[in-house]
Each structure stands twice: as structure tokens, then as C-alpha cells.
Amino acid sequence: MKPPLVVANWKMHGTRVEAQNLARQIFNGVKDQWNVEVVLAPPFTALATVADELRGSGLRLAAQNVHWKEEGAFTGEISPKMLRETGCTFVLIGHSERRHLFDENDQMVAKKMLALLRADLWPILCVGETLQERKKGMTRRVISRQLTAALKGVSKDAIENINVAYEPVWAIGTGHTATPDQASDAHRWIRDVMNRLFGTTKTMQIRILYGGSVRPENAAELARASEVNGLLVGGASLKAEEFLRIISQFA
Ligand code: PGA
């Protein structure tokens, strides 16, 4: 199994200078913990600055979004090739804020998935149900739909480069974290679905992260929960000290 993966999603926070300072503090704090893979996802405008800051550090860079075309008349969009050149290794796709605030659908996420794999970038595919869907008992159905759609056309050989983040929409930025049991249940289901699609040997290396109101106070129990192979952290990743405490749960 690959090492646990802990990802900082800074969303639309941070100027270049702020991102540089935060990256430096995290880098300095994380120095001795090489058994965890740490990834920072700053806004597009800070990617190059953070890439410089992380050079030679072992920490990796992620983008928060991508367009599926290589280039063209797509005002405001950024291509996989551009992200690679900037130093990104990972890219988040299908984040619920993209799905719900910017109307991204499963088909768009699927195109992004294939575009990233073609460009040798590692996708972090976010899936998760809304509160209403959970209350109606639709959690598994929603996750299956999102996964099946996003993985359509992915080859068996490419599948091991994928990471999945289970992010229940009701837990993102709300302070309502999933319990370790809820996270484990969903992660187990995600693995089952992928096993059915690609076979157990191919999906063994795929890391499934939990995201949604992860804090230093709840990170330990989430990190210990079965089937949790890492965390995707929003708000708490904006303070180096909090994010470092979260990372240390995997040490
Ligand atoms: P949060 O965000 O940790 O602030 O809930 C997580 C995410 O959206 O990735």
C-alpha cells in the first residue's frame, strides 16, 4: 500500500505571498514525517510560487480544478498540460463545490479524469452525498453513480494512479464530521464498487481519503478508522499548526 495521503485544499484563499508563507511553515513542520505523503492545493495564481517553495522537499503540489482540453478557446480555463508545466502532480476533480456551485456534472468529471490520466497527472476524485440523499438512504447509490461515471473509459492499467476522496457534502465546511464508522462504511463501499469495475488486484493501491470538517481534534479517530487511507482538509489546512497536527496523526 502507498503511504497515507494528506491533502490541503486551500480553496479560494491566499495571495501568492500568503500561500508561500503557509507552504514554508508546513514544509518546515513536516520535515521528519516521510511516512506520509503531503500535498498542497493552493489557488491557481499561487501554484508556481508554491512549486518553487516546495522544490526538493518531497511535498507535492495539486491543482483544485482543470479543463479537459489541451488548449483552445476556453476563456478562463486551465489545461492539464499547463498544470504539469507548473509542477502539479495531483489534481482535484469533482469537488462538491464544483458540482453544486458551478454545475459540474458526472460527464464533465469523467472527461477531466481521462484528460488527467493522458497527461500523467494523478486525479483525486471527490464523491459524496448530500444530507437529503443520506436521509433518504441513497448514499451508496449516489457514490456508485459518481464513481461509475467518473471511471468510465479508464483503463485497468491507469486505475492505480487514481485517488478517491469521500467527502459527504453535509460535512464540508459545516463542522459536522462523519463518524469514523460512517467514513469506514462509505470507504468500504467505494472500494467494493471499484473492485467490481476493475478487479481487486488493480484497485489495491488506490487510496481513499476522507474529507469534511477534519480538525486536529477529530483527525486521530478518522486516521485510525478502517479503510481510511488519508484525509482531504479544507479550513484546517489554512493554519500550518492545525494542519501539521492533522498530518502527525498518520506518523
Ligand atoms: P473542510 O473542507 O475541511 O473545510 O470541511 C474540505 C474540502 O472541501 O475538501
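Colleague: How far is a polar backbone atom of Gly 235 from an oxygen atom of the ligand?

Modeller: Please note that the model is predicted. A polar contact requires a pair of N or O atoms within 3.5 Å. The polar backbone atom of Gly 235 and the oxygen atom of the ligand are separated by 2.8 Å.

Colleague: How much of the ligand's accessible area does the protein cover?

Modeller: On its own, the ligand has 280 Å² of accessible area. The share of this area that the protein covers is 97%.

Colleague: Which residue places a polar side-chain atom 2.7 Å from an oxygen atom of the ligand?

Modeller: The ligand is surrounded by 13 residues, and Lys 11, His 95, Glu 167, Gly 173 and Ser 213 are the closest. Gly 173 has a polar backbone atom 2.6 Å from an oxygen atom of the ligand. The polar side-chain atom at 2.7 Å belongs to His 95.

Colleague: How many residues of the shell around the ligand are polar?

Modeller: The shell includes four nonpolar residues and two charged ones. The number of polar residues is seven.

Colleague: How many residues apart in sequence are the parts that Arg 60 and Glu 37 tie together?

Modeller: Arg 60 and Glu 37 form a salt bridge, with their closest N and O atoms 2.9 Å apart. Arg 60 belongs to strand S3 (residues 60-63) and Glu 37 to strand S2 (residues 37-41), so the pair ties together parts whose separation in sequence is 23 residues.

Note on methods: Residues numbered from 1 in each chain as written. Predicted model: local features only at pLDDT ≥ 70, side-chain atom pairs only at ≥ 80, totals over all residues. Heavy atoms only, no water. Near = heavy atom within 4 Å. Polar contact = N/O pair within 3.5 Å; in protein donor to acceptor, adjacent residues only side chain to side chain. Areas by Shrake-Rupley, 256 points an atom, 1.4 Å probe, with all protein chains shown as cover. Nonpolar A, V, L, I, M, F, W, Y, C, P; charged D, E, K, R; others polar. Salt bridge = Lys/Arg side-chain N within 4 Å of Asp/Glu carboxyl O. Helix = DSSP H or I, 4+ residues; strand = E, 2+ residues; numbered from the N terminus.
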